[in-house]
Every structure is written in structure tokens, then in C-alpha cells.
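I put the structure here before going through the contacts.

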Amino acid sequence: MTSIFKLAASYIKMDEKKDYEIMLRSVQMRLYAMSKRQFVLVFFVFFLCFGITVLIGVAGPPITVATQQNASSLIPKPANMKTGPFILKSTPLSTFNQQLWITSVVVTDNNGGGAFSQPFEVGIRIRGMLEENKSQLVYTHEVHNRTRTLHCVKECKEQIFLHLGYLDFSSYIVTIQFYGLENMKINIKDIKFYFKSFNPTFTQLEIWFRFVFLVLTFLATCLFAHSLRKFSMRDWSIEQKWMSVLLPLLLLYNDPIFPMTFLVDSWVPGMFDALFQASFLCALLLFWLCIYHGVRQNDRHFTSFYLPKLIIVGILWITSVTLASWEEYNELQDPTYNYRLDTGNFIGFKVFFFVIGGLYLLYLIYLLVRAYAELRSMPYFDLRLKFTTALMVIVLAISIAIMVLRFGEGMLEDNFVADLSTRYANSAEFLSFYGLLNFYLYTMAFVYSPSKNAVYESHFKDNPALSMLNDSDDDIVYGSDHEETSALTRITSKYDSDEELR
């Protein structure tokens, strides 16, 4: 055994002494001291907490509520079913309804006929109700005109006529008129109009769970920072450094200013919510790249190490924020705006987003393969890679499964911007996404926090050269390493003495 230690020490070159000393000082993580039973318990608790949130979501209320008004039952009745005007009055709304959509389904007498399409124009005037039965124009334009196309067999495909991102009034009167359907050969039997908004009961559920996750994240952040208070930041491992960044961003992801949405009649809180979510998700993507590259490299210069990753992830962040703000800006100017009307720009953004996303995925796979090829024979590094990869694969698999169940084949279609179809379909989806990401960060914060005896040990475990001395993961991680620690301490002292003589 002594000869093996001497052989390993001889491999440490003079020009590698700096990296060696940095890795020697690295804070020992709880990951190294955990037994197999504790690993199983960690994953069990993760799935248990995630499962509880999903069950609460399944039993939770529907996300949206819809009120139907048929054109044939309106008072006053429309002069012509093909032209209108259709005067619609919404039900009483509160800030807990958050947003408002108006959609329609046209019912024709096309019995047994084939599918057909018919372009037409829609004129919409929106008035908000004040006290004493007075109304006020919501926007400066008297009438908003938009071009739509009916896609029909017997019932036509649902059309979204307008979307209000926040509610200024307790109720609205909307006047809708069609142009260009007068000469259509197929008769319109009826038109089903729907007022759709968020369910106030779901809004209360969302407020409570965001608050609970916000408090849990704050506690996790404080505990993690407290556990590292005795160690210099330069001695933190790359995982610990990233946890100190991701946990505060998770606080923003849970949106501490979310209640302002119901106190202020403004689009600003909603815009900040989208900005916080995009920032956290992109930081998580950057974390995965840095982990698989940084775990095998200590010389992490900004230009060579961080800049390429920041460019790729930064482009994804800019694209996602631009898409959200672009939609928000246009809807503020015109609530009848629909991103499908600006098809050229939208398709360009979509193609650009998927190209950059594909480059990110290829880069991540490359770094993952390189990390496993170089470090799979080093027990401690192999353990870090296995844990990080296992947890990442679980999170990605669950996220993809939820997206596939939500969108199916339409996941790649033109519906991933701010549209009613892109909202969560039910409470289970909302709690699944939020719970998954929160519990993922909590699990990593626990496993990457310093072990109880980290202060008293020489932290040789982050040294790849010395990691090669170990026979297996089981011998070191799940057994006693007192003998190896003592031997390595003697080798380190001898190595430093030889350097002084030189």
C-alpha cells in the first residue's frame, strides 16, 4: 500500500501544485459521508414530497372557469347571425380572476358537408363598467379590427378574440361585429361565446403554495449558508458555489412580489414573474453545463470556461424574455392581438429558439460524456457524477412527461407563447412543475452541504490524483477512511518538505 501512495505522489507535477492545493482544501460534502441506505432515503423523501404535491393538485380546483353566452339568447338580439353586432356582458370579476379571455365557437348547418375555411374580420369594442351603470372605454381605440379565419366542419375551431392581461374593472361590456361573412353559403345556426378567467379558488391555492415554497426556500437558503459559514469561499466545491446562486434565484422563481398582482392594477408584477422564471430556468441550464465541465477542471477562467456557456444560455434567456415581453407589449396596445397574426416574426423566433436549444443539448451531452470518460475510475468524482446525473435525469424525465401529457403533438406547434392553450390545464400540472423544481433544489442543497466532521478532516476527496488510490466507491464512501486519510496526510507533508528542499 505504501508503494502505491508513493507512486501516486510522484504523479503530482510541479506545475500542478496549485490545482492540487486548491482541491486539497475543498470542503467535504455530505455526499461523501452518506451510506447506501441514506442515498435511498434521500430519493425516497424526494419522490414522497413530489407525490404529495401531485395528489394535492389532482384534488385541487380547475384552473379556469368559463361562462357561456349563446348569440341566439343575447339581449338585445343580433340583427344578423353572420354580422352581429353581439353585445356581451361579463359576469362580475375580481382581482382573483387575474385575466380574461373571450373565445367563440361558430355552429353551422353544414350537415354532412366537407371542411371549409372562410376568412373574415372582427371588430371589437371593450368598455369597463363603472359605478351607477356608467361605462368607460378600456383602450383609446374605439374599435379594434383583426382578421380571423374560420376552420369549420359543422362546428368551427375555437377562436380567441381578446385577452386582458390584468383586470381594471369589475365587469366588461364587449361589442363584437363580423365583416366578410355575409356572402358565406353556409348558414350560421348559433355562436357560442365564452368568458374565461382564472378560477378564484385556484388563485387562492396558487398564493398559498407559492408562499409555502417561498418560506421553505428561504429556510433552505439560510441553513445552507449557515452550514458553510466556517469555510472560506475559495474552499467551496463547485456544487456548493452554484447552490449559493441557485437558491436565491429559486426565491425569485417563487415570486415574493406575486401578491402585488392583486393589489396593483398593472402589468408590471406579471412581467416580473415571467422574468424571474426565465432567469431561474436559464441559471439551472447554466449550472448543468458548468458542473459537468468544472468537476474535471480547476482552471476556470472566465473567457475560456464561462463565456461560451453564458453565450448559449444567455441567448435562450434573451429569446424567452423577448417572446414574453413582445406578447405582453402588443396585448397592452391591443387586447385583440394574437401572436399567430405576426407569423413571420414568430416562426423566426421559434426556429432560432430551437436551434440554440439543440446546440445547448449537444454541448451538454459532450461535456457529460467527457466527464464520465475521464473521471469514471475515480471513486469520489464518479459518485458526484452519478448523483448529479441521476437527479437531473429524473427532473428532465418528469418535466418532459408533463409537457407531453399537456400538449402532445402540439408541443412543437405555434402555441408556446402567451395563449390560453399554454396555461396549466389543471392544478396538478401547476403543483407538479413548482414542486419538482423546489424539491430538486432542496435535495441538492442537503446533499452538497458540508458533512458534520468536514472541519476536522483533510479534504483530499476533491483531488483526482489521490482519488485514483481508492479501490472502489463502497470501500471509501460506505466504509472507514481513517487509515487512508492518515496516509495521505503523511504523503502531503513529505511532498511539501521535498519542495522546500528544492
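Which residues is Thr443 in contact with, leaving aside its neighbours within four places in sequence? I worked on a predicted model, in which local features need pLDDT of at least 70 and side-chain atom pairs count only at pLDDT 80 or more, while totals for chains, interfaces and linings use all residues. Residues are numbered from 1 along each chain as its sequence is written, and side-chain values use heavy atoms, with hydrogens and water left out.

Entry 1. I found Thr443 in contact (heavy atoms within 4.5 Å) with Val42, Phe46, Phe387 and Leu391, sequence neighbours within four places left aside. I located Thr443 in helix 12, residues 427-448 (a DSSP run of H or I, at least four residues, numbered from the N terminus). Thr443 counts as buried because its relative accessibility is 10% (the cut-off is under 20% relative accessible area, with a 1.4 Å probe and protein chains only).

Entry 2. I then looked up the partners of helix 12 in helix 8. From helix 8, Gln277, Phe280, Leu281, Leu284, Phe287 and Trp288 meet Tyr434, Leu437, Tyr440, Leu441 and Met444 of helix 12.

Entry 3. I next turned to the largest nonpolar core, which has 78 residues (buried Ala, Val, Leu, Ile, Met, Phe, Trp, Tyr and Cys joined through side-chain atoms within 4.5 Å). Leu31, Phe287, Tyr440 and Leu441 have the most contacts inside this core. Helix 12 gives the most to this core, 14 residues.

Notes. Helices (H or I, at least four residues) and strands (E, at least two) are DSSP runs, numbered from the N terminus. Buried means under 20% relative accessible area, exposed over 50%, partly exposed in between (1.4 Å probe, protein chains only).
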